[in-house]
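Hi,

Here is the structure I promised to send over. Have a look at it first, and then read my notes below.

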Amino acid sequence: MSNSVLQIRDLRVTFNTQMGELKAVRGIDVDVAPGEILGVVGESGSGKSVSFLAAMGLLPASASISGSVMLDGKELIGSKRKAIRSVRGKSLAMVFQDPLSALNPVHRVGDQIVEMIQSHQDMNTHDAEKRAVELLEIVGIPQPGERARQYPHEFSGGMRQRVVIAMAIANNPKVLIADEPTTALDVTVQAQILEVIQKVQQKFGTAVVLITHDLGVIARVADSVNVMYAGRNVESGSVQSIFDHPSHPYTRGLLSSLPHEGVDRLQPIAGFPPNMLAPPSGCGFAPRCQFAVDSCNAELPSLQPFDDLLTSCIRAAELRVGGQQ
Ligand SMILES: Nc1ncnc2c1ncn2[C@@H]1O[C@H](COP(=O)(O)OP(=O)(O)OP(=O)(O)O)[C@@H](O)[C@H]1O
Ligand SMILES: [Mg+2]
C-alpha cells in the first residue's frame, strides 16, 4: 500500500537470552494508512508487543532487530537513538495497558501534558497549559481545567487512561500505537476508551495500531486486521473479510473461541504455541491444526493472496473447496 504512513517490512526481532536465541518476531509486514485503525490480534506471546516496541525503539539491548520500519517515508531501524527519540512522542506515540506506568505520580496531570508538548514543540507555558486543558476535554475529562491541577491518584483507572491518550496525542502524532489499552478496565469503561480512540482517529486522521488479544475489541473499532501467530502474520485483511470468511485455521480457531449466544465462555484452541527458542521450520500452527498434512511442516509458509485476504495456510484453497468452513 503506497499511502501507508507506517510501513513495516520483514521485521525480525531475536532476543539473546540465557537459554539461547529467542526468535520473537520472524518477518512481519505491516501497512497502516492515515485514518485507518489496524487491529493486531493473537495469543499471548505471539510477538504483538515486541513488534511495535521494536518499531518505537523501545526494546532492550539484548534484542537484535532487522528489517524496515518506515514512518511517513523515514526509516527508523538503524537510526540514531537521538533521531528515534525525536520521533517518539511526536510522530509516533504509544499507549500501554497500565496507565499508571505512563504517569508520574508526583506531578500534576496538566503539568505532565505540558511537559510532553514542550519537549517536542516550541510553545510557551501559558499556551501549552491551555492546550493541555483542551486535550483533556477532547478525551472526555469533565471539568478539564480543575482536573489538570490534580495528581494521577485522584483519577479512576478509566480517567487515567484518558489522560494517557491525551498525552499521546499532545503532539498530533501520525501514528498511535495502543497496546491492550482497555485490558485492565471494566467492560463499560473499555467501550468508552475505544470511543475516545475512534474519536481521535476521526478528528485528526491519526493512523491507529490497536494491539489486543480480544477479537470483540477488533470487531468494534478496527478497519483491518493482522492475525499474529508465533512471531508471524498468518492472516491479514479487512475486518469484514476476516470475520466473514477467515481462511487460516488459526483465525478460524480464534473466531470460534469468541463467546456466542448460549456459550458464555471462551473456548481456547487446544494445544500451545511453539517454543520460540526452537520454532518449527514449517507452519508454527501445524502441531495444533486439525487440517495439517506433512507438507505443512516442510517450510515456513508466506502470506499469499487468497480471496480478498492474505493468508499463510498452504491448504487454504483446498479447505474452502472441501467445505471445511
Ligand atoms: N525483553 C525480552 N527478553 C526476552 N524475551 C522477550 C522479551 N520481551 C518479550 N520476549 C518474548 O518474546 C515473545 C513475544 O512477546 P510479546 O510480548 O510480543 O507477546 P504478545 O503477543 O504481546 O503477548 P501478550 O498478549 O501476552 O502481551 C515471547 O516469547 C516473550 O517471552
Ligand atoms: Mg503484549
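Let's begin at the ligand: by class, how many nonpolar, polar and charged residues does the shell around ligand 1 have? The shell has six nonpolar residues, nine polar ones and one charged one. Before you go further, keep in mind that this is a predicted model, so everything below was computed from predicted coordinates.

**Around the ligand**

In total, 16 residues surround ligand 1. If you want to find the spot quickly, look for the closest ones: Ala-24, Ser-44, Lys-48, Ser-49 and Val-50. H1 supplies the largest share, with three residues.

So is H1 mostly covered or mostly open? Mostly covered: eight of its eight residues are buried. They run Lys-48, Ser-49, Val-50, Ser-51, Phe-52, Leu-53, Ala-54 and Ala-55. Just after H1 you'll come across Gly-57, which takes a positive phi of about 70 degrees.

Gly-27 counts as partly exposed because it has 17 other C-beta atoms within 10 Å, and a buried residue would need 20 or more. Along the chain, Gly-27 and Val-13 are 14 residues apart, while in space their C-alpha atoms are 8.3 Å apart. Leaving out neighbours within four places in sequence, Gly-27 is in contact with Asp-10, Arg-12 and Arg-232.

Follow the chain past S2 and you get to Glu-36, in the loop between S2 and strand S3 (37-41). Is Glu-36 buried or exposed? Glu-36 is buried, because 22 other C-beta atoms lie within 10 Å. Glu-36 touches Ala-207, Asp-223 and Ser-224, not counting residues up to four places away in sequence. Glu-36 and Val-5 are 31 residues apart in sequence, with 9.8 Å between their C-alpha atoms.

Now try Asn-226, which sits in strand S9 (residues 224-229). Which residues is Asn-226 in contact with, leaving aside its neighbours within four places in sequence? They are Val-30, Leu-38, Val-40, Asn-233 and Ser-236. Take Leu-38 from that list: Asn-226 and Leu-38 are 188 residues apart in sequence and yet 7.3 Å apart in space, C-alpha to C-alpha. Asn-226 is buried, since it has 27 other C-beta atoms within 10 Å.

Next, turn the model until you can see helix H4 (residues 109-120) and helix H5 (residues 125-138). Their axes come within 9 Å and cross at roughly 115 degrees, and the crossing is right-handed. On the H4 side, the residues that meet H5 are Gly-110, Ile-113, Val-114, Ile-117 and Gln-118. They face Thr-125, Ala-128, Glu-129, Arg-131, Ala-132, Val-133 and Leu-135 in H5. By class, this contact has seven nonpolar, three polar and two charged residues.

**The nonpolar core**

Ile-113 turns up again here. The largest nonpolar core has 82 residues, and Ile-113 is among those with the most contacts inside it, together with Ile-165, Ala-166, Val-175, Leu-176 and Val-209. Helix H7 (residues 157-168) gives this core its largest share, seven residues. Setting aside neighbours within four places in sequence, Ile-113 is in contact with Ala-132, Leu-135, Ala-166, Met-167 and Ala-170. As a general rule, nonpolar side chains in soluble globular proteins tend to be buried together.

**Two aspartates to look up**

Last, two residues with a backbone angle to check. Asp-72 has a positive phi of about 50 degrees although it is not a glycine. You'll find Asp-72 in the loop between strand S4 (63-71) and strand S5 (74-75). Asp-72 is partly exposed, because 15 other C-beta atoms lie within 10 Å.

Asp-307, also not a glycine, has a positive phi of about 50 degrees too. The place to look for Asp-307 is the loop between strand S11 (304-306) and strand S12 (309-311). With 14 other C-beta atoms within 10 Å, Asp-307 is partly exposed.

Cheers

Methods. Residues are numbered from 1 along each chain as its sequence is written. Chains are lettered from A and ligands numbered from 1 in the order in which they are written. This is a predicted model: local features need pLDDT of at least 70, side-chain atom pairs count only at pLDDT 80 or more; totals for chains, interfaces and linings use all residues. Axes are lines fitted to C-alpha atoms, for helices over the stretch in contact, and angles run from 0 to 180 degrees between N-to-C directions. Helices (H or I, at least four residues) and strands (E, at least two) are DSSP runs, numbered from the N terminus. A crossing is left-handed if the near helix is turned anticlockwise from the far one by less than a right angle, and right-handed if clockwise. Two residues are in contact if their C-beta atoms, placed from the backbone, lie within 7 Å. Ala, Val, Leu, Ile, Met, Phe, Trp, Tyr, Cys and Pro count as nonpolar, Asp, Glu, Lys and Arg as charged, and the others, Gly among them, as polar. A residue is near a molecule or strand if its C-beta atom, placed from the backbone, lies within 6 Å of it. A nonpolar core is a set of buried Ala, Val, Leu, Ile, Met, Phe, Trp, Tyr and Cys residues joined through C-beta atoms within 7 Å. A residue is buried if 20 or more other C-beta atoms lie within 10 Å of its own, exposed if 12 or fewer, and partly exposed in between; C-beta atoms are placed from the backbone.
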